[in-house]
Amino acid sequence: MSTMTDPPKADFRLSMLINDTRYRSLTFQVIAAIVIALSIWYLGNNLIQNLRAAGLNISYSFLGDPSGYDINQRLIEYDSQSSHGRAAVVGILNTLLVAFLACITATVFGVIAGVLRLSNNWLVSKLMAVYVEIFRNIPVLIWIIIIFTIMTAVLPGPREFRGDNPTSSMLFDLFAFTNRGVYVPRPVFANGLFGSTFLNWLLVIAVLVASWFASREIEKRATLKQEQTGERPKTGLVKLAVWLVPFALLMILMGLTWDVPALKGFNFSGGIKVGGPLIALWFALSIYTGAFIAENVRAGIQAISKGQTEAAAALGLRPGRIMNLVILPQALRVIIPPLISQYLNITKNSSLAIAVGYADITATLGGITLNQTGRAIECVLLLMLFYLTASLLISMAMNIYNASVKLKER
């Protein structure tokens, strides 16, 4: 039953979809969605009709055909008789490898440069400023070419390691630095628990992940006891044992040995080859993106009130401890959002690998495979799907971490 204070109820009219602010935004969104859907349908239908008129169709059966080309840098078994699909997988793994390595080293370079740029030492501060301004204002492609050219010109060739009096020698008889790449010992499991090398390495990673969780649990228990009693138990040796003991036992059980590289014929064989193109791409992406991350770190540190530093110093903490325990944990809330964009840039900039002959996904699927099969639409769609998926996964993982370090209100 209505009262005298209730406003009169107006009947709904179609004009309210435009004139009434309660419905106007929803109306425009529905119209935009319909226009986008019709545009996608029109473009897709037009593509299919044109392909049909040319006697073509979209098919991914070519992924099962032999590729007919070799890939020097690879993480899984592959030869020229492998399929285009396997070549694409090799390219994907190579892309993820260089992106992962570059993200780690770029973060290290960026954090160090960002902190040192705020140093009270004038010379150190200016050197970091020069690093940031030089490396971030020159295109990354130029740095890739420069580093690759220096590597091939400065490092010795394999033939210089040959003879009774060689001009070059291996480092500790284990590592060989040549203009073709760096050769390092390769771990081999003589008594692998699984017949597959991949499964054996998966077991090693699982043990390390379990040790990490155990170490975190030990740290949490120590923090809880400190909050209850005011005294923090020593956990250094316990955490070290949690990391080393399971790993050492697993290595002994699996019979860990090392395949050391050796000069045979015209090149080194054995061990792991880290090719020159991979090193050039990895280092160029790291120093280039590290310059941008340095500015993000500097901005995050400067966003923290000076009172935090003064309060920590009043408690007797040293400058290094203040930075590690007080400033950086708070600055992460400012640093991480732009850091996500830098990680995405590293992943997408890795497509420049073709400039130095590194076989990433763009060089394999988007290059040789596309040219050999003529399936441009299929290859480009798969390429777009990979970069979209990789970017979304990186963004999701970093946003989860960002949520874990944000300020939590009671």
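Predicted model: local features only at pLDDT ≥ 70, side-chain atom pairs only at ≥ 80, totals over all residues.
Helices, which are DSSP runs of H or I with at least four residues, and strands, which are DSSP runs of E with at least two, are numbered from the N terminus. Residues are numbered from 1 along each chain as its sequence is written, and side-chain values use heavy atoms, with hydrogens and water left out.

The C-alpha trace spans about 105 × 80 × 50 Å along its principal axes, and the radius of gyration is 29 Å, whereas a compact globule of 410 residues would have one near 22 Å. That radius is taken over C-alpha atoms, and the globule rule is 2.2 Å times the number of residues to the power 0.38. Of the 410 residues, 33% count as buried, where buried means under 20% relative accessible area, exposed means over 50%, and partly exposed lies in between, with a 1.4 Å probe and protein chains only.

Which residues form the nonpolar patch on the surface? They are I205, L208, V209, W212, F213, L237, L240, W243, L244 and F247, and together they have about 950 Å² of accessible area. The elements that give two or more residues to this patch are α6 and α7. A patch here is made of residues with over 30% relative accessible area and no salt bridge, with like charges joined within 9 Å and nonpolar side chains (Val, Leu, Ile, Met, Phe, Trp, Tyr) joined within 5 Å. The accessible areas come from the Shrake-Rupley method with a 1.4 Å probe, and for residues only the protein chains shown count as cover. One member, W243, has its place in helix α7, and W243 is partly exposed, with a relative accessible area of 32%.

I turn now to charged side chains. Side chains of opposite charge can pair when their charged atoms come close. How many salt bridges does the structure hold? There are seven salt bridges, each being a side-chain nitrogen of Lys or Arg within 4 Å of a carboxyl oxygen of Asp or Glu.

One of them joins E219 and K239, at 2.8 Å from N to O, and this pair links distant parts of the chain, since E219 is in helix α6 and K239 is in helix α7 (residues 236-254), 20 residues apart. Both partners are partly exposed, E219 with a relative accessible area of 28% and K239 with 22%.

Another salt bridge stays within a helix: E217 and R221 meet at 3.6 Å, N to O, and because they are four residues apart in helix α6 (residues 197-229), about one helical turn separates them. Is R221 buried or exposed? R221 is exposed, with a relative accessible area of 58%, whereas E217, at 38%, counts as partly exposed.

A further salt bridge connects D259 and R186, at 3.1 Å from N to O. Here too the pair links distant parts of the chain, with D259 in strand β4 (residues 256-259) and R186 in strand β3 (residues 186-189), 73 residues apart.

Finally, consider G85, which is found in helix α3 (residues 84-116) and counts as buried because its relative accessibility is 19%.
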